[in-house]
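My plan was to look up a few spots and write down what I found.

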Amino acid sequence: MSWVILIASGLLEAVWAAAMQASKGFRKWRPTVLFAAAMLASMGGLAWAMLEIPTGTAYAVWVGVGAVATVALQAARGKERLTLVRSLLLVLLVGCLVGLKLVS
């Protein structure tokens, strides 16, 4: 269950990153509230997952899932270009995250 919480927390990292950008420097209240809620849930999930998963592994997976999800979200919204090379590097990153799970 800790791994499911960890991955969900990493996905929430993409939500708060997008909300932070949409808040325009915390000037818009709705994205700011979404940012705060997503960040609290994301960090809380990370903390909970670290009760069973080693800190270094949990943090690496959390950041990696968040990074991949953020790029994918921004590419889907047309705010970031997803080239073949970038796509391959993201697939490689996901492979590394799976590898961390397999050796844990």
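**Entry 1**

I looked up K24 and found K24 in the loop between α1 and α2. Helices here are DSSP runs (H or I, at least four residues), strands are E runs of at least two, and both are numbered from the N terminus. I am working with a predicted model, where local features need pLDDT of at least 70, side-chain atom pairs count only at pLDDT 80 or more, and totals for chains, interfaces and linings use all residues. Residues are numbered from 1 along each chain as its sequence is written, and side-chain values use heavy atoms, with hydrogens and water left out.

Most residues other than glycine have a negative phi. K24 is not a glycine, yet K24 has a positive phi of about 55 degrees. F26 lies in the loop between α1 and α2 as well. F26 is not a glycine either, and its phi is positive, about 65 degrees.

Next I checked accessibility. Buried means under 20% relative accessible area, exposed means over 50%, and partly exposed is in between (1.4 Å probe, protein chains only). K24 is partly exposed because its relative accessible area is 49%. F26 comes out at 45%, so F26 is partly exposed too.

S23 is also in the loop between α1 and α2. Is S23 buried or exposed? S23 is buried, because its relative accessible area is 0%. I then listed contacts, meaning heavy atoms within 4.5 Å. Not counting residues up to four places away in sequence, S23 touches K28, P31 and T32.

**Entry 2: P31**

P31 took me into helix α2. P31 has 16% relative accessibility, so P31 counts as buried. Leaving aside neighbours within four places in sequence, P31 is in contact with A19, A22 and S23. I also compared P31 with L11: they are 20 residues apart in sequence and 17 Å apart in space, C-alpha to C-alpha.

**Entry 3: helix α1**

How far apart are the end C-alpha atoms of α1? I took the expected span as 1.5 Å times one less than the number of residues. Helix α1 has 21 residues (2-22), so it should span 30 Å, and its end C-alpha atoms are 30 Å apart, which agrees.

I noted the buried residues of α1: S2, W3, L6, S9, G10, E13, A14, W16, A18 and A19. Their cover includes α2 (29-49), α3 (55-76) and α4 (84-103).

**Entry 4: α1 against α3**

Two packed helices are described by the angle between their axes and the distance between the axes. Axes are lines fitted to C-alpha atoms, for helices over the stretch in contact, and angles run from 0 to 180 degrees between N-to-C directions. The axes of α1 and α3 come within 8 Å and cross at roughly 45 degrees. The two helices are therefore oblique to each other. Under 35 degrees counts as roughly parallel, over 145 as roughly antiparallel, 65 to 115 as roughly perpendicular, and the rest as oblique.

Which residues meet here? On the α1 side I noted several, including W3, L6, G10 and A14. On the α3 side, A58, V61, V65 and L73 are among them.

**Entry 5: M50**

My last stop was M50, in the loop between α2 and α3. M50 has 30% relative accessibility, so M50 counts as partly exposed. Leaving aside neighbours within four places in sequence, M50 is in contact with T55 and A58.
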